[in-house]
Amino acid sequence: MSAKSAIRRTKKKIPFLATGGQGEYLTYICLSVTNKKPTQASITKVKQFEGSTSFVRRSQWMLEQLRQVNGIDPNRDSAEFDLLFENAFDQWVASTASEKCTFFQILHHTCQRYLTDRKPEFINCQSKIMGGNSILHSAADSVTSAVQKASQALNERGERLGRAEEKTEDMKNSAQQFAETAHKLAMKHKC
C-alpha cells in the first residue's frame with residue numbers, strides 16, 4: 001500500500017465541521033491497493049486536525065473513477081496539481097515538487113498495473129513522471145541487480161557444493177577400499 005500527502009490549494013472556511021473539529025487541519029491524499037482478490041485500488045482524502053493524531057476520512061474514489069491528472073506546468077517543478085474524477089474535482093499542493101513527482105510516478109504505475117479498460121489522462125506532466133529515470137525504474141533496476149547477484153551467488157554456491165559432493169564420494173570410495181583391504185589383511189594374518 002502506498003500513501004502520499006498534499007495540502008489543498010483552496011481552503012474553505014467552514015464554521016462547523018460534522019466531525020466536531022474546528023480550526024487548522026492538514027488534508028492528505030492516499031493511494032491504496034487491497035491485498036484481497038480481486039484487487040481494488042482507491043484514492044482517499046483524509047483530514048488531520050491540529051493537535052490530533054487521528055485522521056478523518058472525507059472522500060474516497062475508486063481508481064477507475066479518476067479521469068485526469070493535471071500537473072499544471074510541464075516546464076517547471078511545481079508542487080501544484082489537480083485530480084479530476086467522474087464526480088469531483090480536487091486541487092492540491094504537495095509539500096514539495098519532488099513529493100508531487102513521487103506521488104505521480106506511483107499513481108501512474110498503479111494505474112498502468114491495475115486499470116485495464118480506461119486509464120486516466122496525465123496532462124501537463126514532466127516527462128520524468130511518465131518514464132525515464134523514475135524512482136520506480138530505479139527501484140526495479142536495483143531489485144533486478146540484487147536478484148542477479150543473489151542468483152550468481154547461488155550458482156557459485158551450487159558449484160562449490162557439487163565439487164564438495166564429488167570429493168566426499170571419492171573419499172567414501174577410498175575409505176571403503178581401505179576398509180576392505182584392512183579386513184582382508186586382518187583375515188589373512190588371523191589364520
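Reader: Is F103 buried or exposed?

Author: First, the ground rules. This is a predicted model: local features need pLDDT of at least 70, side-chain atom pairs count only at pLDDT 80 or more, and totals for chains, interfaces and linings use all residues. Residues are numbered from 1 along each chain as its sequence is written, and side-chain values use heavy atoms, leaving out hydrogens and water. Buried means under 20% relative accessible area, exposed over 50%, partly exposed in between (1.4 Å probe, protein chains only). F103 has 4% relative accessibility, so F103 is buried.

Reader: How many aromatic pairs does the whole structure hold?

Author: Rings of Phe, Tyr and Trp (its six-membered ring) pair if their centres lie within 6.5 Å; planes under 30 degrees apart are stacked, over 60 edge-to-face, the rest tilted. The search finds eight pairs. Y28 and F55 have ring centres 5.7 Å apart and planes at 75°, so they are edge-to-face. Y28 sits in strand β3 (residues 25-33) and F55 in the loop between β4 (41-49) and β5 (56-62), so the pair ties together parts 27 residues apart in sequence. Helices (H or I, at least four residues) and strands (E, at least two) are DSSP runs, numbered from the N terminus. Y28 is partly exposed at 21%, and F55 is partly exposed at 48%.

Reader: Which residues do ring pairs link into a cluster?

Author: F81, W92, F103, F104 and F122. Within it, F103 and F104 form a tilted pair, 6.4 Å centre to centre with 50° between the planes. F104 is buried, at 0% relative accessibility.

Reader: Where is E166?

Author: In helix α3 (residues 135-190). E166 is exposed, with a relative accessible area of 54%.
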